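Please keep the sequence and the structure in view while reading.

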Amino acid sequence: MSELVAIFFGMALVNNMVLSKFLGLCPFFGVSKNLSNAFSMGVAVLLVMFVASAVTWPLFHVLLVPYGAEYMRTVIFILVIASLVQIIEMTIKRTNLTLYNALGIYLPLITTNCAVLGITFINIDSAYSFPQSIAAALGAGLGFTLVLVIMSGIRERLDLADTPKAFRGAPIAFITAMFLGLAFLAFGGMVG
Amino acid sequence: MSVQTILAVALLTLVGLIAGIAIFVVNRLLPKEDESLQKAAEIKEYLPGADCGACGQPGCFAYAQAAAKDKEIVVKTPCRLLAQDEEGTKRLGEYLGFDIDTTQIGQKAVVHCTGDSPVIGAYGGITTCGAAVQVGGGFKECPYACLGFGDCAAVCPADAITIDAARQVAVVDWEKCIGCGMCVKTCPRSLIELIPADMPQYLGCNYLAAKDVAERKKCSVGCIHCRLCVKASEDGEVTWNDEKDLPFFDPEKKMVAAAAIEKCPRSIILKTSAYPQEEEVSSGGDQ
Amino acid sequence: MQSFKDSFTNGIMRANPTFILLLGLCPTLAVSTSLDNAVGMTAAVLFVLLVANIIVSSIRRFIPDRVRIPTFIVIIATLVTLVDLMLQGFVPELSKSLGMYIPLIVVNCIILGRAEAFASKNRVVHSIADSLGMAIGFGWAIFIVSLIRQLLGSGSLEFFGVHLFTVPGLEENPAAIFLLPMGAFFVIGVLLALFRWMGVSESE
């Protein structure tokens with residue numbers, strides 16, 4: 001159990017998806033202008049990461065490994081993720097309109113989000129067991145949401161500040177990400 | 001090697017098939033898509049898309065969903081921004097199948113300040129009203145003055161507010177104002193108020209004498225609480241608001257206070273574009 | 001319709017995928033720690049982009065609209081798997097250095113985006129020009145970032161084992177932060193601002 005917690009916090013804070021592994025940068029800079037959007041996006045990503053990990057891990061170990069077809073994982077995983085997102089979007093759209101209004105529109109964006117494909121690859125490359133994969137996915141998703149929310153809070157303030165013209169928008173956002181990353185370095189010894 | 005090829009193709013086909021079947025099955029099992037969603041998407045095409053919130057709904061899509069369920073919403077709580085656009089309203093009316101009447105008297109915003117208060121401090125902080133009010137009670141002499149950084153102008157979905165740079169004050173153009181109230185919520189000094197569009201006059205000052213701030217005077221044009229306006233009004237057009245220590249113009253009665261406007265020693269009671277006059281001295285909508 | 005030359009030069013400067021369109025930032029920032037990586041990534045992206053665009057453009061009339069995106073994704077995924085295996089076979093060290101960012105080319109916005117926005121609507125010749133231009137644009141962008149990061153982060157420049165250049169004084173105490181993710185953010189933030197300032201792209 002303690003190793004699951006270690007993996008969870010490791011993925012969330014120490015090896016944060018965005019700040020450490022560079023995954024999910026597009027939504028990070030695209031959706032983080034507004035706090036509520038950012039939160040919705042983060043939750044949507046968390047959901048998809050969880051489901052994707054839960055499905056791709058057994059698929060890999062049951063279907064690909066026994067037949068020596070590990071190299072097929074790129075194609076298979078992306079196909080599975082695309083279908084999963086489609087199914088999740090359909091389900092939310094038809095069962096809960098409020099939820100759909102809140103985060104349904106972000107779901108198609110997540111299909112090509114490197115963060116989701118990335119976490120499925122990490123699960124395989126790190127040779128995690130199934131519970132470990134789930135812990136990693138949850139940690140990664142929560143870490144992603146956390147950073148997204150913090151970033152959007154900062155950016156809302158940044159919009160008001162007197163930034164030099166050339167830096168407005170993306171450049172200052174990147175530099176802010178640098179400071180955020182530096183701050184997260186402090187978590188380095190946490191999962192020792 | 002050919003075994004591998006066959007294997008690869010077979011795996012891909014298998015996973016593809018499973019995914020396809022899964023989507024198909026889920027599609028069948030789920031309840032049908034709420035029809036109002038499709039209708040809402042169609043209705044949304046006719047809406048301005050500004051998400052201003054004046055209609056009372058959290059955004060244009062939510063309004064479209066409400067309208068899809070109940071068409072009468074379009075008349076009961078009309079889209080204020082659309083009401084300015086005759087053609088747009090007609091098109092929406094055509095789509096929904098009935099005439100939308102937009103001639104109802106709405107509300108308009110007024111700024112209770114003329115901005116003549118002198119600047120007493122050099123402010124170098126964030127250039128928003130929200131920030132400036134927190135620094136030393138504002139950089140103008142009058143503690144209730146409009147600071148003129150334009151937080152209200154920024155949120156106005158109808159672009160009805162401009163900033164008079166000389167006096168550093170916000171000015172509302174009644175021709176464009178749709179009465180959504182976004183500026184009212186945004187002003188950190190609560191200087192903006194929504195009054196009926198047929199209100200003939202309003203007070204250009206918000207100096208709350210009852211809550212005097214030490215060592216801070218009002219500007220040279222603000223209300224001096226002399227109550228001459230009340231004395232001058234024959235039919236009770238102007239009464240006195242004791243709590244604020246300012247004149248009160250009843251929005252229910254909307255009486256024209258011609259005598260008060262004339263008698264005011266500071267001329268701080270300002271006419272709106274709804275003021276009944278033969279000759280329009282000032283352009284309509286000026287404050 | 002744009003001419004071949006226009007489609008080609010579009011991606012290099014005017015619509016540079018990294019600095020102007022802000023696409024495909026994940027690999028740019030992740031692998032730009034050395035020039036070797038930059039070259040390897042560019043080669044991979046070039047191959048996938050070119051071949052994918054050719055295929056998509058060739059069969060664009062036969063793909064039903066509803067399965068457009070999944071089709072593109074499968075084509076790209078197949079090509080990426082191909083590239084991944086080739087790299088693992090021929091340059092295993094580079095492959096290890098690039099890690100999982102090669103498979104992640106599948107979801108690289110540049111490739112899917114160009115397939116969707118350009119190749120599915122234009123002839124094969126133009127698609128070739130566009131993909132070449134985009135790849136070169138991406139290539140020189142990641143090259144510059146790697147140059148800065150490697151130079152400042154390790155004090156010297158190396159290119160496939162050939163030692164090129166050492167900054168005197170920096171090699172003993174390099175600014176290691178540039179090799180860390182944070183350094184990448186910083187470098188690209190400043191570069192973007194530089195491009196804005198030079199007037200190449202519009203400010204927000």
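Q: Which domains does the domain assignment of chain B give?
A: This is a predicted model, in which local features need pLDDT of at least 70 and side-chain atom pairs count only at pLDDT 80 or more, while totals for chains, interfaces and linings use all residues. Residues are numbered from 1 along each chain as its sequence is written, and chains are lettered from A and ligands numbered from 1 in the order in which they are written. Domain bounds come from an automatic or database domain assignment, and for chain B that assignment gives domain 1 (35-96) and domain 2 (107-271).

Q: Which chains share the most contacts?
A: Chain B and chain C are joined by no contact, and their closest C-alpha atoms lie 10 Å apart. The contact between chain A and chain B takes 21 residues from chain A and 20 residues from chain B. Between chain A and chain C, 33 residues of chain A are in contact with 33 residues of chain C. Of the two pairs of chains in contact, the one that shares the most contacts is chains A and C.

Q: Which helix of chain A gives the largest share of the side that touches chain C?
A: Helices (H or I, at least four residues) and strands (E, at least two) are DSSP runs, numbered from the N terminus. On the side of chain A that touches chain C, at least two residues each are supplied by helix 2 (25-30), helix 4 (73-95), helix 7 (114-125) and helix 9 (170-184) of chain A. The largest share, nine residues, comes from helix 9 of chain A.

Q: How are helix 4 and helix 7 of chain A oriented to each other?
A: Axes are lines fitted to C-alpha atoms, for helices over the stretch in contact, and angles run from 0 to 180 degrees between N-to-C directions. The axes of helix 4 and helix 7 of chain A come within 10 Å and cross at roughly 135°. Angles under 35 degrees count as roughly parallel, over 145 as roughly antiparallel, 65 to 115 as roughly perpendicular and the rest as oblique. Helix 4 of chain A and helix 7 of chain A are therefore oblique.

Q: How is helix 3 of chain C oriented to helix 7 of chain C?
A: Helix 3 (residues 35-58) and helix 7 (residues 124-154) of chain C pack with their axes 9 Å apart, at an angle of about 165°. That angle makes helix 3 of chain C, relative to helix 7 of chain C, roughly antiparallel.

Q: How is helix 3 of chain C oriented to helix 6 of chain C?
A: The axes of helix 3 and helix 6 (residues 109-119) of chain C come within 10 Å and cross at roughly 30°. This makes helix 3 of chain C, relative to helix 6 of chain C, roughly parallel.

Q: Which residue in the turn between strand 1 and strand 2 of chain C has a positive phi?
A: Two strands pair if DSSP finds at least two bridges between them, and strand 1 (residues 156-159) and strand 2 (residues 162-166) of chain C pair in the antiparallel sense over four bridges. Phe159(C) has Val162(C) of strand 2 as its bridge partner. The two strands form a hairpin with two residues between them, and the turn residue with a positive phi, of about 50°, is Phe160(C).

Q: Which residue takes a positive phi in the hairpin of strand 6 and strand 7 of chain B?
A: Strand 6 (residues 238-241) and strand 7 (residues 246-249) of chain B run antiparallel and are joined by four bridges. Asn241(B) stands opposite Leu246(B) in strand 7 of chain B. The hairpin has four residues between the strands, and the residue that takes a positive phi, near 65°, is Asp245(B).

Notes: Two residues are in contact if their C-beta atoms, placed from the backbone, lie within 7 Å.
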